[in-house]
Amino acid sequence: MTFHALGLAEELIAAVEQSGYTTPTPVQEQAIPAAIAGGDLLVSSHTGSGKTAAFTLPSLHRLVGRRPAPNSGPRVLVLTPTRELAQQVEEAVKTYGRALRWLNTACLVGGAPFFAQVKQLSRPVDVVVATPGRLLDHLNRRKLKLSDVETLVLDEADRMLDMGFAEDIEAIVGAIPASRQTLLFSATLDGVVGALANKLTRNPQRIEIASTEAKRGNIEQRLMFADDMGHKSRLLEALLGTDGLQQAVVFTATKKSADELSLSLQEKGFSAAALHGDMHQTVRNRTLQRLRQGRIGVLVATDVAARGIDVAGISHVINFDPPRQVEDYVHRIGRTGRAGRDGIAITLSGPRETGLIRAIERFTGDRLAVHTIPGLEPAPRRPSAPRPGGPGRRFGSGGKPGGGFGGRSEGGYGGRGEGGRGAYGRDGHATRNERSHGDRRDRGPRG
Ligand code: AMP
């Protein structure tokens, strides 16, 4: 199957080819012709499946050759849960629409200056990408009209509902003509998402991309057991010194621990920075820019802030704190293995976190391979309940007397090898600039 066979306009196919893509992904193969045909779609697909192009290309296709009436408002509206995702979607619209010289886009997200956005809206705009809260602000202050919207896209609808945007979405949809086309993308189409879909769509076609298909085949998933926080910190430090590590995203459970861990890593000489929702948008944008430029080796992030980050250099994802919600695991590990590269996702589990690990394994249907680092093995423990799908003595498979946690031993790790300082600053120390990153407060390093 080629992009030509999907019925897309030549200008768009040329842009896709310039991006280096020759074969549509499964979600693109199914969603693009269906969306071009004009009906509503409910698409279940995960991050990393190529979903952004799956809704951007047909939405742009429908604009090609039809110039808007004078004083027309936007004809395509994309709603996303986070600012970062909105910015990435706008980038994709510009990339795939690069041959459409007349195309104007606007990105309306919270945390960015309101009046700069008003200025953007003072000229004709074809495509608006927005987070619901900020879009509603513009709508309520009559800075924007949605009466010309022909295609409404809800990207990661499940996350928007998780984040409490249901009412905002309904208010926004109320301002869009009922004759619109609605394309709803979500990791799941069940439960509250299904109820929202019922309200917003008419005779929708359901496209379900099996999660195994959407799951990235090239991400190796590992598990390491730690005795306590200090042990986790030592494991993290050793992992960040691994040969082959280019850039890493380290996930923490809270904004406070992201700040503290980032600071502690900076003090150990890593070029680390924090990314979380309490930081001003300009700082977040600058941090992401530095990550893309490879000037930040370790991004310490919370779930919401890191969603949608698409940086090819991220070779490792490390869950310093395992995710509390299993769905977040898939989103976290999807930060690596980008652009067709291989990735490694390592989850550190403290003694009280094994329940979360079991939940992840149940959700993904995959067993996480237990790894240890020589010299940093966990203390022997009594074996706990068997992990699903595996023999009861799995935790003792390292052959330690008394049945310890350590499973397979990892020969490649050995703390900070001289040649393997991927996550360190060029001189092995954080620069002043990096230290000033992360909007951090005056707290001591994590113990
Ligand atoms: P997404 O699911 O939209 O976050 O896309 C995941 C990644 O796949 C992004 O880095 C895209 O640039 C890339 N991508 C999108 N379409 C294709 C394709 N047809 N072939 C290869 N990579 C793609």
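Me: Why are H3 and H4 called oblique to each other?

Reply: Happy to walk through that one. H3 and helix H4 (residues 83–96) pack at an angle of about 50°, with their axes 10 Å apart. Angles under 35 degrees count as roughly parallel, over 145 as roughly antiparallel, 65 to 115 as roughly perpendicular and the rest as oblique, so H3 and H4 are oblique. The axes are lines fitted to C-alpha atoms over the stretch in contact, and angles between N-to-C directions run from 0 to 180 degrees. Helices here are DSSP runs of H or I with at least four residues, strands are E runs of at least two, and both are numbered from the N terminus.

This is a predicted model, in which local features need pLDDT of at least 70, side-chain atom pairs count only at pLDDT 80 or more, and totals for chains, interfaces and linings use all residues. Residues are numbered from 1 along each chain as its sequence is written, and side-chain values use heavy atoms, leaving out hydrogens and water.

Me: What makes H2 roughly parallel to H3?

Reply: Helix H2 (residues 26–37) and helix H3 (residues 51–61) pack at an angle of about 25°, with their axes 9 Å apart. That angle makes H2 roughly parallel to H3. The contact (heavy atoms within 4.5 Å) includes Val 27, Ala 31 and Ile 32 of H2 and Ala 54, Leu 57 and His 61 of H3. By class, it has 9 nonpolar, 2 polar and 1 charged residues. Ala, Val, Leu, Ile, Met, Phe, Trp, Tyr, Cys and Pro count as nonpolar, Asp, Glu, Lys and Arg as charged, and the others, Gly among them, as polar.

Me: How do you know whether Asn 203 is buried or exposed?

Reply: Asn 203 has a relative accessible area of 78%, so Asn 203 is exposed. Asn 203 lies in the loop between helix H9 (191–200) and strand E7 (205–208). Its phi is near 40°, a positive value in a residue other than glycine.

Me: And what makes Asn 71 buried or exposed?

Reply: With a relative accessible area of 70%, Asn 71 is exposed. Asn 71 is found in the loop between H3 and strand E2 (76–79).

Terms used: Buried < 20%, exposed > 50% of the residue type's maximum accessible area, 1.4 Å probe, protein only.
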